[in-house]
Each structure stands twice: as structure tokens, then as C-alpha cells.
Amino acid sequence: MSATPPPVIDSPDLIAGPPAEMSARSIGERVLDFPSRIDSMTVKELRQGLRSGSFTALFLVFHTAMLFAVLMGVANDEAKITQGFLIFFSVVAFFIVQPLRALVAVSSERKFQTLDLIQMAGLSTWKIIFGKWLSLASQSALVLVALLPYIILIYFIGEVEILDQILTLLSFFAGSLVMTAWGLTISTFRSALAKVIAILGTLALFFSGFVGFVAGSRLSATGAISGDFWEHLTVWIVSAFLSWYLLAFATSQISSLSENIALKKRLSILGAGVLVLISFFVIDLTTLWINIHDEIFYLVVFAFIFAAIIASVDALSESEGIYQRILEPFRSSKLKAPLAILLTRGWVSAFFFVCFLTVCCFLLLCILDEVSLGELSGYCLAALNTVLLPAIFIRLICRDRIESSAFLAIYVLIHAGIGITASIGYQMLKIFFSHSTAEKVGVVIPHTNLIVLEDNDVTVFTSLTASAITFALLLIAFLFTCRSSLTKICQAMKGPRAA
Amino acid sequence: MSVEIEEEQTAADTPPEAAGRDSSPAIRVQNLHRYFRGVHAVRDLSFTVDRGDVVGFVGANGAGKTTTMRMLATLDYPDGGSIEILGHDAVTFPEKARKAIGWVPDDYGTYPHMTVLEYLDFFARSLGYRGEDRCERIAEVIDFTHLGPLLDRFINKLSKGMGQRLCLARALLHDPEILIMDEPAAGLDPKARVELKRLIQVLAEDGKTVFISSHILSELDEMCNALLFINQGQLVHHGKSEQLRHANEESIPVRVRFTASPEAVESFVETLEGVTFLDPFQGGARLSIRHDLAASAEESLALALKRLSNSDLGIHDFHREERKLEDAFIDILDDLESKGESIVS
């Protein structure tokens, strides 16, 4: 900018201050607290975060409480008191305070219209989300480091396995990273309804045993998770994947329409499926020299299916946008159209992706659980119909009446509505009529078809036939809703290559 | 959300050397449409802003100004039509367009626990400035916007005027060719308003293209060399402010002072052909002289003055009123209303 500064107006603020001419050196001296190579968003968040009252309060309360706990432990010559405080505090800090801080990270930027300014500054959506997460993760790491001296003190007070304690805390920290990423994801939702549903869903999962399965039920009397190193390592790897996936999910919520937000998410979930399969065979071969429990696999498969469900719901509620820029990378591929309709953003490709992912998940279960494909095919088709039904409903009935940002919330609500109504109806039919009547009606609705299959009173053939008919109807409805978009994608893939 | 597919090869899709972007206008908008839950907020909007122009964007509340400006700034997406910023397709390649745009919203957006200098440092880092370059860039915009004394002040403690200067400094960090400013003077005190206007004038003299919206038409009149009027998402007028001032002009307003009572003046004026009594004020009244009373506007005025001075009204002051942009805007809206189009306000 070569413009000469305009004359200063007699503003009291300006008259009272130092000379207007600023030198680059004087500026440099004041903003060199973080080196240039650190991402700008992380720097900004750390500057703000470390100054904010919540982090300072967290630290002060922690040290005061821990000093009190140590004194109590020393006075009673009992390590358990101090250790109980330590576990309680780490759970509060890692699973409540830090995710709560993440919950407002993006929504506050949106509220004060600063998200627009950041995007205008050319910062990619991934850098915005990752920078915010990294800053919170760094602060969690500070809390973790602050906990370590107290573990050593506990070790001196009583008989405690110091390694178990450290591994447990590291697993808590890894869990915190996932929760923080999920908090960030919720904060990116535009729809207040989606936020409320996500928070309630998280609380339900939290209290109904998700965390209990991972940590609580395995928590020993000493407060450490009674697992070996491999279990902890699995928790860390699963946490890393879930965090990464959730950050990609959050990124897609604030990205521009002309970005193919689906590519990273969909490839990562498919890649994770392949890794799960490979690790199964690798670990199966190495069981002779590494003793790995079955629970590790259950954890991995559970985490993968959890991520696959999120991926399916996310894909089915993605906003559409078919631009040359999105389709261009697929032109160079020999598979062209098939890849484009599987990996580009929006409802059209989401349908095919969800079908593909569901089949992959059930194939994976077939291999891991050594169950025949025929046995699982009924479940596979019923599950697929269950996932697709609300999405088809939205596109057919209320597509033009609601903002695309509310699709996710509406999808979940329709799911819950159909699921709860159908389940209650099914149970009522069983009570007031007969099992066979309930089953005949139950197989018609995908949600209850899964329950009917679980009851095992109906033949797989009946269920499969009902599911196949339902799927055919859903496919017709899908083609009806997206025929023009599908044609456009195919035409664009055949059309002249853009420069 | 409608599905939009780019079927034609746009200028943005061709290599820079082939596209001849240097000759392309600063902003080119073609057949722009935007819907919000069934409301057609922007309708078939088309206009061009040449490089170096300072263009005012005017419209009543809810006319579609902010929606259009957000689309120009790549912060919102059109449901139809195209936007080119210096030849780049802003819809498909927003990041290319963003490099050329400095965005100044009506609310500059604050952060708690952050000083003015840290705010500028954050945006300079985000824009990719490293090391000394970053410090030099920050120093330049601080000097330009006179933010030196405020560097250590927390931004959520700044006054609206200071905040708007900070916002302008941020928008200028990457030295953009185009500035898009949405109601930058809204809520500013007169002094801050004058200062902001001077800053914009200096930027315009430096060759920057400025696209600015405001409710205060007199301010735009002084700064802008072209004006765009928008109503219900549709462009109703685009031209130089002088052209606009005389658009739809069928009469000339005059201010007349006299010794007689306003009632006497009103009853006398009713007998005169081509002269209309508009409204009285202390010691006089505003009259309207029809344009076609004589061969030219000047002769029409001379004829009316002669008839009035021949009366017993005691005329001692007669002068032509400069037609204000507000009058032109109201005339355009009245014209639309008379054609049966609804007006948003």
C-alpha cells in the first residue's frame, strides 16, 4: 500500500498517544512471543486461551485441591485419598472443562462475525478447526504435565503402580482429545436444534456407559485402568483416528460450497475400515508373541462402527454443490463417474457412499466374527434402509422448506421419531394381537425390521424380502429426487476437460 | 439449496496469461439470484464496477444490499448467476477472489483478551506474512489508520470509531485491489465519520476500487463516482451521481423568501401554471417549477421568477435548490410504486 496517510484529525485518543509513525522493529519486539512457523490460529487461541479466566481458574483450583489432597494423604498415610482427587480432577478437566470450552470455540467466532474475517484472510477451514483444537489440546497437555508431580507424590505416599497411573492419565488425555474434537464439531453446527440434539446425545452416551466401557468398568481400586500397554495403545490410536475424523467433520461444517468436503472424510473412514481388517490379520498372526485381548478388537470395531454411523449421517445431510472444481480431480481417473458419485459432496453421492459403507461394515463383521454372509445380509439391508429412510423423507417432503444447515438435526429427529413410534407400536402389537401379526407389520418398517430379526421368530427370507422391497422403493424415491443432479454429474464427467 | 453446475468455461478457468485479467473489470455480476427459504432476496442482479471506481450501493432496509455484498465478498453463495472479481470466478474459486478483496463489515467483530496489535498480528499471520515482512505490513497499516496509540488496548474496549479504523487496517493488510464496505459509517460519531471518509478518499486516490453501502446518501455523493440503487433485490438505477440526481427530474425545487403570509403565497401559486407549492418554512416556502415551462430549465426558472416578482408577495430571496440524492432516490421509489412494484423499507 503506497497511499500517504491522511492528516490526523484532532481526536483526543490520537493527541494523547505516542508518535503515529510505527517502526517494524518496535512492532516485531511486541509480537515475537510465538515464532512465525506456528499456525496463526493456534497462536491466537493460545494468546486468548491462556489469558482467559477459565483456564487460570482451572489451574488454581486444581493446585489448591491437590495440595489439600496430598496433605490429607500424608496425614492419614493413605494414597487412595490423594489418588481419588487426582482421578476426579483429571476426569473433570479432560472430559468436562476442556470439551465445554471447545463447545463455544467456533460458535463465538460466528456470533461476533469474526469467522467471516478469518476465512477472508485466506486461512483454510482445516487450519481454523485444527488450530483451535491444537490450542485446547496444548492446554490439556499443560494440565497433564501439571498432574505428573502429584503422581510421584502419590507413589511416595503409598504403594501405587506409577506406570499404570501414567498410562491411565495418557488414555484420559487421549479421550479428552476426542471429546474436545467433538465439542468443536458441535460448535460448528449452525442449527441450534442440531446442537441441542448433539449435546443431549453426548450426555446420554456418556452416562449410559460409553466411557464406562472404556474406562470406568476397568478402573481398579487404585484408580488406574487395569489394562496392559497394548490396550492403552489401542485407546490412543482409536482416539487419534476419531479426533482426526471429527475435525474433518467440523471442517466440513464451515467450508465453502465449492470445496469437496466429502473426500477427506469418506476416504478416511474407508481407509480406517481397511486398516481394521489388516490389523485383525496381523494381530491374529502375532498372537503367539503378543498377548492381545479380544476386548481390544471390540473397542476398535465399536469405534469404527461409531465413526461409520457418524459418517453416514453426516454424508446424508451434506449440503449440495456440484462445481467443475469438485469434479475436476476425478476426470483424470479411469473410474471417473463411479468415483465421482461416491466421493463428491452432497446427497447424490451420499446415497451410494452409505450403501457402499454399510456393505463394507457388514463384510468386516462377517470376517471378524466368522459369521456367514447369508446370516448378516438381512441385518445389512435392514440397517441400510434404516439409515436411508429419514434422508429420503427429508428430500421428498421438506427439502425446500428448511435450510440445509438444519438437515442434520431434522434427520436425527425423524430417525428418533420413526424409531420410537415404530418400536412402541411393535411392542403394542405383540401385547394386544400376536407375535406373528407384530412381525408381519414390523418387517415393513426398517427400524422394527432390525428388532424382528433380533427376536429371531421370523424367517430370514421374510425379512430379506421385506427389506429388498423397501430398498427398491427407497431407490426409486432417491432417483426421483436427484435425477437432474445425477445426470449433471454424469454429463460433467463426459464433458470437455476444464483448464 | 439449488444445484449449480458450471457448464461454460469462464474466464477464471483459463490460465491468467490467456484470460487477460488486467483488462477485466474489478467486479462483474451477472444474473445473480439468492433465495432464503422461498424469499427471492436478490433477483437477476447484473452490474459491472470498473477498476478504480468508488461505487455507492444504496437501498432501503431489506432491499438485498448486505446479501449482495456478502456474495461479492465470497461469504455467501448465489443460487444462480455469476460473480467475477478481477476476472476470477468468485463462486468456484473463492480463495482467488479473496486475495483481491478487503472486506469491511458493519460490525468489525471483537475478541476478548486480545489487543489491537495482537489482532493485526493474527490476521497478518493468517494472510501468510512472515518475519519482518509481517511487522512492516502491520506498521504500514497502523500508520495509515493512525492506530499507533491504541496498540496495547483490548479490542473489545475500543469505541465504534476506533473499531472501524481497526477493521479498515485489517482489511488493508494484504493490500487488496478492491474494498467492499458494508455500512462502514453506521453508528459512528460525526468526527469518526469524517475521518473514515478521508481514509476512503485517500484509498480511492491511490487507485483502489471501493464498493461501499451506506444509508447516508449525502456521504456517498461526496465519495462515489457512481451509484447503484437496489430495491427488492433488483437493480433500479446504475449511473454517475450527477445522472442520478437528474434522473426522473420533471421539476426544479426552489426556495423563496417573501413578506406575505404562506397562505397568500399558496393561493397565488395555485393560479400560476407550472408552479407548485411544496412546503412552507419560517419566512418562506419551497416551490416546484415545472421543467417544461419554457425551452430550458434556466428559462423556466426565469419565467417563474418574473411571474412571482410581478405579484404583491414581496419576494426578496429566490434560489434554486440543488437536488439531493435523497430526492432522486425517493423519486425512483415513487416511480416504482406508481408502476405497481412494492417497496421494502
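Predicted model: local features only at pLDDT ≥ 70, side-chain atom pairs only at ≥ 80, totals over all residues.
Residues are numbered from 1 along each chain as its sequence is written, chains are lettered from A and ligands numbered from 1 in the order in which they are written, and side-chain values use heavy atoms, with hydrogens and water left out.

Me: How many helices and strands does chain B have?
Reply: Helices (H or I, at least four residues) and strands (E, at least two) are DSSP runs, numbered from the N terminus. Counted in this way, chain B comes to 12 helices and 14 strands.

Me: What share of the residues in chain A is buried?
Reply: A residue is called buried under 20% relative accessible area, exposed over 50% and partly exposed in between, using a 1.4 Å probe and protein chains only. Chain A has 499 residues, and the buried share of them is 52%.

Me: Which residues of H10(A) are buried, and where do they lie around the helix?
Reply: Helix H10 of chain A covers residues 192-207, and on its other side A:Ala192, A:Leu200 and A:Phe207 are exposed. The directions from the helix axis to the C-beta atoms define an arc, and the buried residues of H10(A) fall within 65 degrees of it, so they line one face of the helix. These buried residues are A:Ala194, A:Ala198 and A:Thr202.

Me: How much area do domain 1 and domain 2 of chain A bury between them?
Reply: The domain bounds, which come from an automatic or database domain assignment, are 30-255 for domain 1 and 276-298 + 311-499 for domain 2 of chain A. Across the boundary, 15 residues of domain 1 are in contact with 15 residues of domain 2. Buried area is the accessible area (1.4 Å probe) that two parts lose on being put together, summed over both. With 70% of it on carbon and sulfur atoms, the area comes to about 1300 Å².

Me: Why does A:Thr234 count as buried?
Reply: A:Thr234 lies in helix H12 (residues 229-254) of chain A. Leaving aside neighbours within four places in sequence, A:Thr234 is in contact with A:Ile296, A:Leu299 and A:Val300. A:Thr234 counts as buried because its relative accessibility is 12%.

Note on methods: Expected span 1.5 Å × (residues − 1). Contact = heavy atoms within 4.5 Å.
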